Amino acid sequence: DRRFIDWRRVRVKAGKGGAGCVSLFRAANIAKGGPDGGDGGDGGHVIFQADQAVRTLEPIRNNYTGKNGGQGTSRYRRGQRGNDLVIKVPVGTVFKENNEIIADLCKQDESFIACRGGMGGNGNASFVTATNRLPREATDGTLGEEKRLEAEMQTIADVGLVGFPNAGKSTLLRALSRAKPAVAAYPFTTRNPHVGVIEYDDYMQIAVADIPGLVVGAHKNVGLGHSFLRHIERCRGLLYVIDAADDELCNQLDALHFELEQYQQGLSTRSPAVVANKIDLPQATENIRRLQQMTNLKVIAISAEYQQNIQNLKNVIRDLLKL
């Protein structure tokens with residue numbers, strides 16, 4: 001099961017321009033043919049391009065270097081231009097340099113040149129003047145640009161599942177989609193987001209993300225902290241997932257709401273409903289009744305383990321996005 005990566009720090013370096021050539025023309029029966037050294041080719045650019053077929057930044061490497069330009073040769077032949085390096089990224093990827101946004105690739109095939117290649121050097125034929133008919137000098141190509149960028153996916157899913165560790169989010173994602181996140185009986189099984197796709201009878205598809213478990217104090221960077229909350233703000237809608245068998249489920253909901261609001265005001269309003277999981281356990285029914293009395297949010301009682309009420313939840317998710 002591949003990890004879902006929605007943030008990368010990338011070093012990019014464009015190709016260097018090729019060197020110019022020093023050459024004097026030589027041919028039978030032609031005396032003093034003169035300089036004919038060609039210019040070097042330009043270095044290749046490094047380009048990022050949005051592609052809907054790419055779903056995560058996981059394939060993106062930490063370092064990229066563009067192709068260098070070719071050297072100039074005799075008979076005025078210019079060196080070959082270095083091929084551009086085109087790197088595919090998910091649609092909705094934002095690039096930052098020194099914490100400032102320099103590009104937002106929000107459409108299919110939209111691209112931007114992250115680093116421009118260096119210019120090719122001049123061959124000695126370029127230095128011919130009225131007073132210097134036989135120059136023996138050429139210049140090297142210039143270096144390509146080099147930058148350190150941060151790539152972030154602005155939206156990782158349509159709906160994010162938010163809850164404390166062991167609330168059953170991974171099991172729920174398995175029940176909703178074909179995704180196979182790790183499931184275990186200990187906390188923090190999920191360390192990175194996992195994204196699954198809900199498929200409807202009319203071929204509508206909705207991406208749902210299993211977000212790593214929240215802990216109290218996340219807005220102060222406790223636990224997975226800001227990394228967790230960064231995943232949350234990149235989902236169009238949210239669903240609280242709580243353990244219905246926990247007698248403190250009302251406090252769970254309050255704590256989730258508090259952490260989201262402390263991190264970003266209004267973030268909690270993306271969740272119009274609470275998913276009360278594990279209704280197959282005996283104490284869940286009474287706990288859900290108390291929860292319904294203390295919140296105005298819609299409460300959806302399910303058992304992800306035994307696939308109870310999953311279809312109703314799928315309908316609620318679709319209504320949440322108004323699709």
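Lys 169, Ser 170, Thr 171, Leu 172, Leu 173, Ala 175 and Leu 176 are the buried residues of helix H1, where buried means under 20% relative accessible area, exposed means over 50% and partly exposed lies in between, using a 1.4 Å probe and protein chains only. Helix H1 spans residues 169–176, and seven of its eight residues are buried, so the helix is largely enclosed by the rest of the structure. Helices here are DSSP runs of H or I with at least four residues, strands are runs of E with at least two, and both are numbered from the N terminus. What do the buried residues of H1 pack against? Their partners are E9, E10, strand E11 (205–210), E12, E13 and helix H5 (310–321), with contact meaning heavy atoms within 4.5 Å.

Before going further, a word on the source: this is a predicted model, in which local features need pLDDT of at least 70 and side-chain atom pairs count only at pLDDT 80 or more, while totals for chains, interfaces and linings use all residues. Residues are numbered from 1 along each chain as its sequence is written, and side-chain values use heavy atoms, with hydrogens and water left out.

Several of the strands that H1 packs against belong to an open sheet of six strands, which you can trace in the order E10-E11-E9-E12-E13-E14, with mixed pairing. Two strands count as paired if DSSP finds at least two bridges between them. Strand E10 (194–199) and strand E14 (298–301) each have a single partner strand, so at these edges one side of each is left without a neighbour in the sheet. On average, and ignoring direction, neighbouring strands of this sheet are turned by 30° against each other; axes are lines fitted to C-alpha atoms, for helices over the stretch in contact, and angles run from 0 to 180 degrees between N-to-C directions.

Strand E13 (residues 273–277) pairs with E14 in the parallel sense over four bridges. Within this pair, Val 274 stands opposite Val 299, and Val 275 has Ile 300 as its bridge partner. Helix H4 (residues 284–294) lies across E12, E13 and E14, at about 165° to E14. Helix H3 (residues 249–263) lies across strand E9 (157–162), strand E12 (235–243) and E13, at about 155° to E12.

Strand E12 also holds Gly 237, a buried residue with a relative accessible area of 3%. Which residues does Gly 237 touch, leaving aside those up to four places away in sequence? They are Asp 158, Val 159, Gly 160, Arg 270 and Leu 320. Asp 158 is 79 residues from Gly 237 in sequence, yet their C-alpha atoms are 6.1 Å apart in space.

Ser 303 lies in the loop between E14 and H5 and counts as buried at 0% relative accessibility. Its side chain joins that of Asp 280 through a polar contact of 2.8 Å, meaning a pair of N or O atoms within 3.5 Å, where within protein one must be able to donate a hydrogen and the other to accept it, and residues adjacent in sequence count only if both atoms are side-chain atoms. Not counting residues up to four places away in sequence, Ser 303 touches Asn 277, Lys 278, Ile 279, Asp 280, Gln 308 and Ile 310. Lys 278 sits in the loop between E13 and H4, is partly exposed at 22% relative accessibility, and has a positive phi near 70° in a residue other than glycine. Asn 309, in the loop between E14 and H5, has a positive phi of about 65° although it is not a glycine, and it is partly exposed at 35% relative accessibility.

Elsewhere, an open sheet of three strands runs in the order E4-E2-E7 with mixed pairing. Its edge strands, E4 (85–89) and E7 (111–115), each pair on one side only. Strand E2 (residues 46–50) pairs with E4 in the parallel sense over five bridges, and Val 46 stands opposite Leu 85 in E4.

Stepping back, the chain has five helices and 14 strands, and 49% of its 323 residues count as buried.
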